Amino acid sequence: MSTLVSSGMIHQLEAIGPFDAEACMNCGVCTATCPLGVDLLPRRLFRYAALGLEDRVIQSSQAIFSCLLCRACEASCPAGVHITENMRVLRHWLLQEGF
Amino acid sequence: MPLPVRDVVGILADNLRLRGSVLPIPARRATAWARDLGIPRGGETVLYTGQMYQLIPYIERLVRLEQRLGDSPLARFSGVARRANRLVNGVAVVARPGASERAEYDRIPANVARLLQKSGVAFGYLYEDDLYSGALAHDLGADEAVAAHARRVAGVLRKRGVREVITLDPHTTTMLRTVYPKLVEGYDVRVRSYLEVLAERGLPVGVPLSGTVTIHDSCVYARYEGIVDEPRRLLASAGLTVAEPENAGQWTWCCGGPAESLFPATAAALAGKRVEQLRAVAPDCVTMCPICLVNLRKAANGTMRLRDISDHLLDAVTERGASAAHVGGPTP
């Protein structure tokens, strides 16, 4: 099975706004503190974006738009990732893509 | 089943771009709360509602409609609805809350105006120029529409000579204080929540209240704007004992409201969990955000009393506090 990777995706995201997904250490504290308990968010999602896996991000659109932007995850993130702003950037990217 | 996200966001962004609000309502409705309060028009310092409390009854009507449509074959025609909405303001057609529904939420900006008046704060109101801030469209990522709208609002504030705004909900506060400076060059309006203003000046308590309330912090106040101590200080000076629930202050739990426009079932489930946390502490709960208030009230379904903080504070500074069994009584 082949996977299409977009080398330009990360640049598109950074052009929309500050996008610091690469700071994520994949520790999972965000997932543990999320009131929605969505296991996708945000650590795997940020990997998809950083790797340019556009299809995976598009397939995750419902999870991306269901994020509450409540910042419970950010309050606990040991790496200080701006998770909610990253989510907003991904929403904007999805709207641009006409997902 | 939720409606297609792209079309719902598209309708909200189109409304903001074409009509100045994600849910455009007539100015006479948005400003009805200010009737008879004698608030001067304009001024260097204004109370800025951003229409948030006034919009809640309309949002509720639309969410109910959305839930019905999402489960019907009509959901497939959401793209057609978006195109039609560009020509005709759909909100005016499908969301028509009754007078009592509007009055319930219009009461809160009136409360805040009275509290500021009684505290000796000099302020005006922009009436028809008190525009929606763009908060929901910003959250959904409709950045171009929000940037254009922010420039429009900033232009109105500049034209009206406004140097300071006093906000009354967390979403308008963070938009005007934290987001607009990033979107509008030269934007230098001072923005404070009325809770910060009152906490700084001190509440002119007439008849101290008694009883215990629990508190539901707004995520946006607590984690975006660092407003945690002010509501507690105000409630304490009003005479109330604040019982902290599980997940309070900086660690508050979301009411689910932000998911309501796209995923109402998710929002309802989360609000239900939060109500359980709050009810475990006290039967009376204080909120400070219109979205939290309406979501938690729906989830509580009458099993606990939820009131906006301004209701309690106004009780304490007016004679109505002397007779109101506002805490500790039977749940509504």
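Modeller: A polar contact is a pair of N or O atoms within 3.5 Å, and within protein one of them must be able to donate a hydrogen and the other to accept it. The model is predicted, and across the interface of domain 1 and domain 2 of chain B there are 10 residue pairs in polar contact, both residues of each being at pLDDT 80 or more.

Biologist: Which elements give two or more residues to the side of domain 1 of chain B that touches domain 2?

Modeller: They are α1 (5–19), α3 (52–70), α6 (99–118), α9 (170–183) and α10 (194–201) of chain B, and the largest share, nine residues, comes from α6(B). The residues on this side divide into 19 nonpolar, seven polar and nine charged.

Biologist: How many salt bridges does the rule find across that interface of chain B?

Modeller: There are four between domain 1 and domain 2 of chain B. In a salt bridge between the side chains of B:Arg177 and B:Glu225, the N to O distance is 2.8 Å.

Biologist: How should I read the size of an interface?

Modeller: The size is often given as the accessible area lost when the parts come together. For domain 1 and domain 2 of chain B the buried area is about 2800 Å², with 66% given by carbon and sulfur atoms. On the domain 1 side, B:Leu115, B:Pro170 and B:Leu195 supply 21% of the area buried against domain 2, more than any other three residues.

Biologist: What area do chain A and chain B bury between them?

Modeller: Chain A and chain B bury about 2100 Å², 62% of it on carbon and sulfur atoms. In chain A, the residues that lose the most area to chain B are A:Phe65, A:Leu68 and A:Arg88, which together make up 26% of what that side buries. A:Arg88 also forms a salt bridge with B:Asp143, whose closest N and O atoms are 2.9 Å apart, and the count between the two chains is one salt bridge.

Biologist: How do the strands of a sheet pair in general, and in what order do they lie in chain B?

Modeller: Strands pair through backbone hydrogen bonds, either parallel or antiparallel. In chain B, four strands form an open sheet with parallel pairing, in the order β2-β1-β3-β4. Because β2 (124–125) and β4 (190–193) of chain B stand at the edges with a single partner strand each, one side of each is left without a neighbour in the sheet. Four bridges join β3 (residues 164–167) to β4(B), and B:Glu164 has B:Arg190 as its bridge partner in β4(B).

How values were computed. Residues are numbered from 1 along each chain as its sequence is written. Chains are lettered from A and ligands numbered from 1 in the order in which they are written. This is a predicted model: local features need pLDDT of at least 70, side-chain atom pairs count only at pLDDT 80 or more; totals for chains, interfaces and linings use all residues. Side-chain values use heavy atoms; hydrogens and water are left out. Buried area is the accessible area (1.4 Å probe) that two parts lose on being put together, summed over both. A polar contact is a pair of N or O atoms within 3.5 Å; within protein, one must be able to donate a hydrogen and the other to accept it, and residues adjacent in sequence count only if both atoms are side-chain atoms. Ala, Val, Leu, Ile, Met, Phe, Trp, Tyr, Cys and Pro count as nonpolar, Asp, Glu, Lys and Arg as charged, and the others, Gly among them, as polar. Two strands pair if DSSP finds at least two bridges between them.
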